Amino acid sequence: QVQLVESGGGLVQPGGSLRLSCAASGSIFRIYTMRWYRQAPGKQRELVATIARDGSTNYADSVKGRFTISRDNAKSAVYLQMNSLKPEDTAVYYCNADIRETINGRLLNYWGQGTQVTVSS
């Protein structure tokens, strides 16, 4: 069984920085696209950033120029560096990945449990 575990959330002042990490473990043949989502109270979950296996990235307009997604395929990990944080970035951040557990297995989508990011003075 594959698990995604996030870490790195916390409380930070406006203008500050945080780095989120997400590590995948379990039976993994290959990890394809990895993503970070977030969900603020009373709002729908939204896609923040995406990184393909080849390293190509996409960002939501609201975080472009402030957030950077990266990955380490050898460690089965994805990261989100968040700079110039704003109160509106406050949310639970979720890691998401498309994973094939065996060479002939189906491509399945997995979620982490989420990590809270609070931006407040």
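Tyr94 is buried in this predicted model, with a relative accessible area of 14%. Tyr94 belongs to strand β9 (residues 91-100), and its ring takes part in one of the two aromatic pairs that the structure holds.

Let's look at both pairs, which are set out here with their geometry.

| Pair | Centre to centre | Angle between planes | Arrangement |
|---|---|---|---|
| Tyr37 and Trp111 | 4.8 Å | 50° | tilted |
| Tyr94 and Trp111 | 6.4 Å | 85° | edge-to-face |

Why is the pair of Tyr37 and Trp111 called tilted? The planes of these two rings stand at 50°, so the pair falls between the limits of 30 degrees for stacked and 60 for edge-to-face.

Now to where the partners sit along the chain. Tyr37 is found in strand β4 (residues 30-39) and Trp111 in strand β10 (residues 107-111), so their contact ties together parts 74 residues apart in sequence. Tyr94 and Trp111 also link distant parts of the chain, with 17 residues separating them. Taken together, Tyr37, Tyr94 and Trp111 make up one aromatic cluster.

Trp111, by contrast, counts as partly exposed at 37%.

Trp111 has a charged neighbour as well: Arg45 lies over the face of its ring, 4.7 Å from the ring centre. A further arrangement of this kind involves Arg19, which lies over the face of Tyr79 at 4.2 Å from the ring centre.

Technical notes
Residues numbered from 1 in each chain as written. Predicted model: local features only at pLDDT ≥ 70, side-chain atom pairs only at ≥ 80, totals over all residues. Heavy atoms only, no water. Phe/Tyr/Trp six-rings, centres within 6.5 Å; stacked < 30°, edge-to-face > 60°. Helix = DSSP H or I, 4+ residues; strand = E, 2+ residues; numbered from the N terminus. Buried < 20%, exposed > 50% of the residue type's maximum accessible area, 1.4 Å probe, protein only. Lys NZ or Arg CZ within 6 Å of the ring centre and 35° of its normal.
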